[in-house]
Amino acid sequence: MKRLVVVESPTKARTIRAFLPNNGFRVEASMGHIRDLPASADQIPSEYEDEDWARLGVKITNGFEPLYIVPPDKKDVVRDLRGAVKDADRLYIATDEDREGESIGWHLVNTLEPDVPVERMVFHEITQDAIQQALDDTRDIDEHLVEAQQTRRILDRLVGYSISPLLWRKIKPKLSAGRVQSVAVRLLVRKETERITFIPATYWDLDAQLTKEGIGVEAEMTHLNEVRLASGKDFDEDTGRLEESLTEGEDIVLLDEEQATALAEQLPETTWRIADIKERTRTKSPFAPFITSTLQQEANRKLNLSSSRTMSIAQSLYENGYITYMRTDSTNLSEEAVTGARRTVAQRYGDEYLSDGVRQYSSSDSAQEAHEAIRPVGSEMKTKDELGLSGIEAALYDLIWKRTLATQTADAKIRYTNVYFDAEVDGDVARFRASGKRLDFPGFFRVLVEGADDPEAALRDQERPLPPLDVGETSATEASGDGFRIQSVEPLGHETKPPSRYTEASLVETLEEEGIGRPSTYATIIGTIQQRGYVRKENSALVPTFTAFATNNLMEAQFEPLVDVNFTAEMEEVLDDIARGREEPTPYLRDFYKGDEGVEGRVEEGLETIDAREISSMFFPEQWGDYVVRVGKYGPYVEGEMNGSTVTASLPDDLAPGDTTEERLAAILEEANKGDRALGIHPEADLPVLLKSGPYGPYVQLGDDEEDDPKRVSLPPDVEPEDVDFNLGLKIIDLPRTLGEHPETGNLIEADIGRYGPYVRHEDTFASLQDEDDVLTVELERALELIQRKEARNEPDRVLGPHPESDEPVEVWNGRYGPYVKHDGTNASLKDDQSIDALTMDEALDLLAEKGDEATQKVRG
């Protein structure tokens, strides 16, 4: 008989197996949760199908007891684990040490119903010592942690399954609401609203380029006659005017282009004098070691990783025994870690780089996921090269390694110098300021440049040196070569910018600051709001869609507490209290769902009272004029007046609310409602050939709308409506073109335009045309080349490598509907700005995770 150890994933099982005796232990993976609430109606057991609460999967009338089932894809896992338990004399639950891991363990015990002793072993790093200590110091499953996770799961189900149908009825199908995701959407919508209502302001200042002893100095004009020049912060975002508290001429000087240009022309000809020099030394301390949220933020900023990808890589590093557990709110470092970090700093950089004493960081009151910050395992503090890591895993590990060592490194000492220059023109005194920075002692900065080709040069790059300058010194003239020289003075015009959109990093930071959700859930939240069409990524920015606005309208009108930041943060505190055993979940759930302002009643009221047309409408009269944007069953559209009639037009998918203007809406309406343009009469069909515009763009139609199913063909790529004359219209409407016969089969080869663009076809093989091909002129030889390549190909265009969870290959294919990434039966299309040749494994895993690939979601946790 062997002792059975159960963990969540095969990777974790493989790593732990190496630290246990082969003849005494067996390690198996549960592949995450083996039980959950029913995901669909066909998963509800037949004896409960007629219950009113069955759709929710929560027994509302019986203390909110959850109905757990073993999903179909987990039945084989449960069968195998039951067989393993029968062969064991002791069961160890070794799932992760957070609430989710505790809950997985609880479900394992309740499903497997072992007849042998059960022990809970907990560790936050996978090393020989940590595993042995966990075996020696087991405990029971913590029922309070399980209750907290279960309460969170029930709350999410009550919100999602109750409110989502209301969104389907009142806005559009396939939308969803979520306890935390809806608050995140509200934050994004509010930021975008600020961008819509923002009114830009223009102001001018001057930039001077000076030099002395071959060192360039940049100085900016800050004052005129001792009155400060206006900057962006001095303007009201809603009016574009100076803040009411500022009086022009007394508190602030607002230069216009003419004044700034005149000054720029005269200032180089006058004498400048150094009026003052101010120095200050600042001590800067290192940041706390990483917790989940700060790791996600830094990885997004430094490595351009999404939150989900960061957690996927961190999970792999943890399960392979390189870092400690990656879901944590705690900034605490163990004595072992502190000792190892301090020893490594002293060995690498010298004792003078050690902090004066052990540096510890305080955690937030809500810290509950784990007991230590994210750091390299053990005490040796090995580098990425010493561990043999490469690629993006090495890059993320390096961030963690540097952050950990920096915590025990001395403060950096930085000297800042401001030099103030005065120059007089026609009785007016212009003041300029030049700023310099010097590292008196690099401190922890030295750790952060580790790995650079030249660390000393990297440190120097952080400095902004100034040449020797003295108070009273004047600018050099042609007669005198002494002093600094004025190289140029340029007027600079500025326009205030609207508030920046959230990035993944800044959204995670805000969610954490507001106490919304928990860091371990942020990656899932951001992934969900993108999958549901509430947000799209534009470079690094998260851009809310019109659908997000409509959904937020409904949530704010009918469920305001649910999207209130404070209410959501308080809900997290309740879950923390349940985890600590201070609060019972059932009374809270009952009040949340069935109370006076409970979800159930608000949904029923909303079904009766919410006007679907009104709730999905967006009005911004100052910016959009009389036009109204609404979200309907088929997506967002604009409504407005044209020629005395109310008309509508679908909005492009890539039009952001914050970039929408009255002029753009007018152009969209005009284009969509031009009416049919008759190109001529088809010589063979004797029917009119019409150029029309529809929700998916312009197209050519043969015959009037009264015809039974008239033929329609979309315009080819790069063909604009104004380019279409009768001859071109005939070519388009006569598609498909027959190019000739296949030399082997004798069957016809055709060129045509489909839903996903132009293609050539032979029998059941469809080959997409490339950018350089034209569907109206492509010839048989080229079509045969594309088709033969497609028919003969039995290999992907690229293999990116093995998947970090399944070890199955991640492949990139070029399919009929465009390029896509493929893994173990899951296909995910590449985005418009991605290409087969440039796609990285990181990007591929993000696409697979968004598509719902099970293995990828396990990796991302």
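Start with the largest nonpolar core, which has 80 residues; such a core is a set of buried Ala, Val, Leu, Ile, Met, Phe, Trp, Tyr and Cys residues joined through side-chain atoms within 4.5 Å, where buried means under 20% relative accessible area with a 1.4 Å probe, protein chains only. Select Leu158, Ile163, Leu554 and Met618, the residues with the most contacts inside this core. Helix α5 (residues 143–170) gives the most to it, with 10 residues; helices here are DSSP runs of H or I, at least four residues, numbered from the N terminus.

This is a predicted model, in which local features need pLDDT of at least 70 and side-chain atom pairs count only at pLDDT 80 or more, while totals for chains, interfaces and linings use all residues. Residues are numbered from 1 along each chain as its sequence is written, and side-chain values use heavy atoms, leaving out hydrogens and water.

Next, zoom in on Met618. Leaving aside neighbours within four places in sequence, its contacts (heavy atoms within 4.5 Å) include Phe546, Phe549, Trp624 and Arg630.

Now move to a second, separate core of 49 residues, which includes Phe25, Ile126, Ala314 and Leu399.

Select helix α9 (residues 307–319) next. Of its 13 residues, 13 are buried.

Which residues of α9 meet α12? Among them are Arg309, Ile313, Ala314 and Leu317, and on the α12 side you will find Ile392, Glu393, Leu396 and Tyr397.

Methods: Helix = DSSP H or I, 4+ residues; strand = E, 2+ residues; numbered from the N terminus. Expected span 1.5 Å × (residues − 1). Buried < 20%, exposed > 50% of the residue type's maximum accessible area, 1.4 Å probe, protein only.
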